[in-house]
Amino acid sequence: MEISKNIVSKKDLQNAAHKENWDQLWVILVAHCINRLINRYGIKTNKDDLVNQANQKISEVLSLVLIEGTRRWNTEEYPTFKDFMVSVIDSHLNNTFNKSKAIEEYRDILPEKSIDSGHDMNISYDEQRKEAYQFLSAEGASDDELMIFECMADGIVKPKAIKADLGISDSDFHNAWRRLKVKLKKLRNKLSEQ
Amino acid sequence: MKSESYKSIFDSFDELSTNVTNEDFDKAKEYLAELKIDVDKLSSIGGNEFKKTMFLAKANANQSHDSSLLERLKVKIKESFDRNATLTGEILKNALTERKASFQFRNLEKWSDEELREVLADTDLTKLLEDLEDLED
C-alpha cells in the first residue's frame, strides 16, 4: 500500500498538538462544534447542554487522534492542526448523528427533519439567489455585503478566499459579514414563517 | 466548490458562517458570546483536557512497550535456561529483589503475563534483556 508523504506520523502529530495554545484552540473547536450541532443537525437544546455535548465530542476526537491514532492527518488537505481537528470533528459528528441507533438515542433533541434549510426546496438555487439578492438590496446592504453574498452564492465559503477574491481587508470583511449575517437570518426567518 | 453542491442558498450561508466562526480565537469568542456562553470556563477545560489526553497517550505507549518487551523476555529467559541454567539463574537473581528471587524460574514459560509482570515490576526490563543477550556471546 502506498503511503502518502503528506501523512503526519503519530509522533509529529503529538508534537504539533503540543505546540498549540489549547486554552484558545479548545474555544475555537467548541464554537465550531456548537455551530454544527445547531445548523447542520438542527439540535434544539439549552446552552449548557450544547456546551457539554461539544466538550464531550471534542474530548472523544482528541482521544481518537492522539491515543488511538485512528485518524490520519494529511497536511496537503488540512494545512494546519486546527483544520485537521475541525475535519475530524465533522466526521465524528456525522458518525454520531447519521446512524439510525444514534438518531434513536438523540431523538429528544433532534428535529423531525435533520437538516432544516428553512426554505422551499422546490425553488431552484438560482431563484433563491436572486430572491435573496433583492431582499438584501431592499434592506440597504452595502456593496461589500452584496459582494460577499455573491461569493458565498458562488460556493466560495472560506473567509480567506473571499477576502482574497474581493481584495478587502480582514476588518472590512468582518464588518460587512456581521451586517450581512443579520440580514440573511432575517430572510431565513421570514421564509420559514411563510 | 461550485454552487451546485449546495441545495439551498442557506446551506452556503451556514458553511460560510461555520468557517468564519472557526477562523480564529476572536471569531469563535464572538460567536459564543452571541449564545451567552462563558469562554473563560471553556479555556480552562481545554488546557486540562489536552493534558489528560497526553498523559493517557503516554501511559498507553508505555504499556504496549512493556508488553512487547515482556514477550521478548519470556522467550529469551527460556532460551537462556536451556543454554546455561546456572548463569541465567544468577542473572535473574541479580536483576530481581531478594523477595522475588525465590521464584522457580524454570517454569517461567507457564506463567501468565500478569504473574510475570508482577515479578518483574521495578526491574529494568531492557537491561535484563541485554544481560541475557550478552550470555549468548
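Visitor: Which pattern does chain B follow when read along the sequence?

Guide: In this predicted model, chain B runs α-α-α-α-α-α along its sequence. The count for chain B is accordingly given as 6 helices and 0 strands.

Visitor: How many helices and strands are there in chain A?

Guide: Chain A has 9 helices and 0 strands. From the N terminus on, its order is α-α-α-α-α-α-α-α-α.

Visitor: What share of the contacts in chain A joins residues 24 or more positions apart?

Guide: Taking contacts in chain A with a separation of 6 or more, 69% are between residues 24 or more positions apart. In chain B, among contacts between residues at least 6 apart in sequence, those joining residues at least 24 apart make up 69%.

Visitor: What is to be noted about the phi of B:K36?

Guide: Most residues other than glycine have a negative phi. B:K36 is not a glycine, yet its phi is positive, at about 60°.

Visitor: Where in chain B is B:K36 placed, and is B:K36 buried or exposed?

Guide: B:K36 belongs to the loop between α2 (25-34) and α3 (39-83) of chain B. B:K36 counts as exposed because it has 7 C-beta neighbours inside 10 Å, and the cut-off for exposed is 12 or fewer.

Definitions and conventions: Residues are numbered from 1 along each chain as its sequence is written. Chains are lettered from A and ligands numbered from 1 in the order in which they are written. This is a predicted model: local features need pLDDT of at least 70, side-chain atom pairs count only at pLDDT 80 or more; totals for chains, interfaces and linings use all residues. Helices (H or I, at least four residues) and strands (E, at least two) are DSSP runs, numbered from the N terminus. Two residues are in contact if their C-beta atoms, placed from the backbone, lie within 7 Å. A residue is buried if 20 or more other C-beta atoms lie within 10 Å of its own, exposed if 12 or fewer, and partly exposed in between; C-beta atoms are placed from the backbone.
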